[in-house]
Amino acid sequence: MNANVLLECFSATLQANQDVRIQAEVKLRELSATPGFLGACLDIIASNGSSINSGVRKAVAVYFKNRVVKFWTSADSKIDAGEKPVIKDRILPVIVVSDYITKQQLIPVLRVLISHEFPNWSGLLESTGSLLQQDEDFSQLYTGLLCFAEISRKFRWTDNNDRKAELYPIIESAFPHLLNIGNTIVASAQNITEFQAEIVKLILKIYKFVTYYDLPAPLQTSEAVEQWGQFHESVINMPVPSYIRDSNLSEQEKSFLQFSKCYKWSIANMYRLFVRYASASLGKKFKYTEFHELYLNQLVPPLLSSYLSIIEQWCQGKKWLSSSALYFLLEYLSHCITQKSTWQIIKPFFQNLVSYLIYPLLCPSDSILEIFELDPQEYIHVAFDISEEFNSPDVAALGLLVTLVHKKKSTTLETIVSVIHQELNQLQHQEETLEVAKKKEGALRMLGGISSYLTAAKSDYRSQMEAFLIHLVFPSLTSKFEFLRARALEVVSKFDDINLQEEQSKSMLYQGVLRNFDSSSNASLPVSFQSALAIQAFLPQPQFKEILSGIIIPTMSRLLELSNDIDNDAISIVMQECVENFSEQLQPFGVDLMSKLVEQFMRLAVEINEASNVDVDDFDGNFEDQSEKVMAAIGLLNTMITVLLSFENSTEVCLKLEEVFSPAITYVLTNKIDDFLAEIGELMENSTFLLRSISPIMWKNFELLSDSFADGLAIMYLEELMQCLQNFLNYGTDELIKNPALVQKFFNIYKMISEGEDTQIGYNDLVFACELSQTFVLSLQQVSVQYIPSFVRSVITISNEGNKDKHHIKNSAFDVNVNNVIAACLVYDAPTTLSILQESNQVIPFFERWFQLIPQLKRVYDLKLSILALLSLLNNEEIISSLHSTTPAIFDQMGLKLAILTRELPKAVESLEKRRKNFDESDFGGDNYRYGDDEWENASSEDLDYILDQGEAAANEAANEEEVEGGRHEYLNFLQEEDNKLKSSGYFDEEDEPVIEDPLATTPLDSVNVFALLKDFMVKVEANNAALFSGIFGGLTESDKILFKDIFDIVQ
């Protein structure tokens, strides 16, 4: 291809005239499909002629990059096969002669090529090695390092066994030279440039890539450990160059500089080695004993001494550190605390670290307070939701503080509490200026970080906390600085389980929380957010709850406003708890509350849906993470469910609420937003359950749900949607009987579940299919008869494929439900059911399994169903005659099995009624999550130590130095015993899941009086066919006969 033609085309794409640009873009798309196009692009990029505009050259490089990255491995051959070798041969020489900006555009190309072509790329290593030798030509050296970094990246996620043949020779030949290059630059670091800093950074990144997943043997030697350790140490000790030190750049701008990244990776690499290969816990995964000792004894002492010196300089304002470098320094110190040998080095300095490193870092900076003013939502993430921040020094500082207390409590806790108390006490007596408020914030953050250790049941500090809070924390609830009020609200919430004795204390606290939440206070978003969470924290306290009950309506209105202002599911959880606790007061406003919740949900759902439907070709890289919106929307749906359930005694209101929230269901199902399918299913389930009927609106939603199953989306949420489907069958029978199309939709859903396209259908799916088919048959009765052959044949297949041990039937979800499908079919079409069983030679196996299972049945539903199935058989003279003559052993057991079922059923009914009466939702894991809760927050330090400590050495150290008393060993022994049990019994299978009786569940047999049916049958048979009666019931024991008589008397 003629490069000049292409050059003219690219030049035209930059013209101001829109028509010219459009024509050029069309021509460019045509040319891109021509063989030689990419080679011509490289000609333009490599041309050094001044006649080529730099903007045009950049446009060519960008287009070339995008095409290679997007289509190099595509199957549609958009890159000519004959061009690929040319591109591979030319890419390195082109990068060498390109300017720096163009080089950056071509790095992704290099990454893609090496990722897919190496190690089969002939000559790549030789070319790279040659470039690395060009010490005097930085452009060639830089290109060689770029290439070598991408080669090293190729080995990042492979272990030594899979890579040593290729990687070890590269390390042995190239790494000594890399070290020389790096040391040469670092030796004259006082005059370092950004370009030289990037070369050092690339060397550090290369080291990172090859050591990230496994540690190559050539880098485990004493010489390599010493040399590379010294290099990393020398990098962090480089003086800060004047172009950073004397600049007006912001901290964020400085963090993007290559020199800043050198600091970062010099510490991060050493941290990674320490944690992964040289620790007493995680390091046990790798049997690198010699390296372990070398690192701890040869590398750590000088490295840690250097780190502590750097920290001292930073604390004194004598050394600049980037935020990422500071983060890894703090993480390194935190890990040192967990290791016995390194803790001894840290121990003498820990108080200074708390006072002069941790505390200042936890005080908000001016840039953070600027975020408070300009972007309150972002401030909430930065200041309160630490999981959102990565490589943040303040988060690492808080982690270091908690690690000090958690791992070395007996040594550190008293000192840390003293530092906090002393600082807050001094600040309390000073005029509250901005600087004082910042310091208070830092001290409060420290207090909040260690709060769980102060409020623990056995803590010596628990009894002292009321006085501490009232004098040093509660006053900040009324601070003129809102950022401090927000922090104080967060901290007091962490002490919600402290039983305040003084009325003055309670008054200060409750007023502080509620005044900050009151809309008339015009509080900022962070203050309102934290006061809402404080309401949740103190809601269990009777006195606070009583106060809140008087203002619950304006409180809920404010929560709704707040939920609309911030996309955070925590507010929805607060609303749920308020609805649960004040349902009676809120009932008059239920419809209005639901309307506002739906309105807010729809706003989020539309935004999430639009973001997810961006065409890949239109994607500009400015991706906005939707996870927070998704969680907030889920929170709103859960609040809708809570509001709905609060009206369980009002059918009229439930119908109105259903009208209000139905658009949310319709939107989710129509737009196939799978994030919300589980909650939508629960909303439909609860609405149909409360109404005990299916409204026209809900039938429309069912049709959309059916379409979602047909699309393959809803089936992924089958477990969550199962009860919803059951409710449509249980409560929609009348409409289903009149509407064959709806019946067919249910049958289609069954087929999708039981005959899915996946080669392996899980046991849970099979159980759900069986449950659905039972309810289908028992609800639709005679309407279901045409489908019974399909159900029976399907369940025979399910039983044969799923039941691994056909000789040992258990009261498991699988065995019971497989049996129940056939039992249900027997109830409404026994002849057809037995005929199909006969076709498959399954009549005797079925009865054997059934009769073996009957004595194990405990659920009311299962017992009733088996009784009905037996009565259906016994009421059919032709079937009984056949069974009596062909399989007398089966016939002879029928009366005995009826007796067993009849004896067990009254006990099962009594047990079910008792559980319904005493039902507690918390038994099913209904506790609400609290924002910021830590799963270990309420555990003792001892519990945390033996559960969290990994590795015997760490556990032994903790046992010797702290409060742990051997719990680790008991825990390991327990795990070993459980492991042995599993090994001796095969393995746990979902097939072993027990059948569970939900006390609130509705079944098609709830209204069926099987005792009356049994009595009618026995009376009829005894009067009309004495011989049959004797054959069935003649073998009963006297106790069984008395049982039947007693039951019949009760029925009478």
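A crossing of two helices is left-handed if the near helix is turned anticlockwise from the far one by less than a right angle, and right-handed if clockwise. This is a predicted model, where local features need pLDDT of at least 70, side-chain atom pairs count only at pLDDT 80 or more, and totals for chains, interfaces and linings use all residues. Residues are numbered from 1 along each chain as its sequence is written, and side-chain values use heavy atoms, with hydrogens and water left out.

**Exercise 1.** Work out how α27 and α29 pack.

*Solution.* 
- Step 1: Find helix α27 at residues 503-517 and helix α29 at residues 542-549. Helices here are DSSP runs (H or I, at least four residues), numbered from the N terminus.
- Step 2: Axes are lines fitted to C-alpha atoms over the stretch in contact, and angles run from 0 to 180 degrees between N-to-C directions.
- Step 3: That angle makes α27 oblique to α29, because oblique is what remains after under 35 degrees (roughly parallel), over 145 (roughly antiparallel) and 65 to 115 (roughly perpendicular).
- Step 4: Now for the hand: the crossing is right-handed.

**Exercise 2.** List the residues that make the contact between α27 and α29.

*Solution.* 
- Step 1: Contact means heavy atoms within 4.5 Å.
- Step 2: From α27, pick out E503, K506, Y510, V513 and L514.
- Step 3: Across from them, α29 brings Q543, F544, I547 and L548.

Key
Helices (H or I, at least four residues) and strands (E, at least two) are DSSP runs, numbered from the N terminus.
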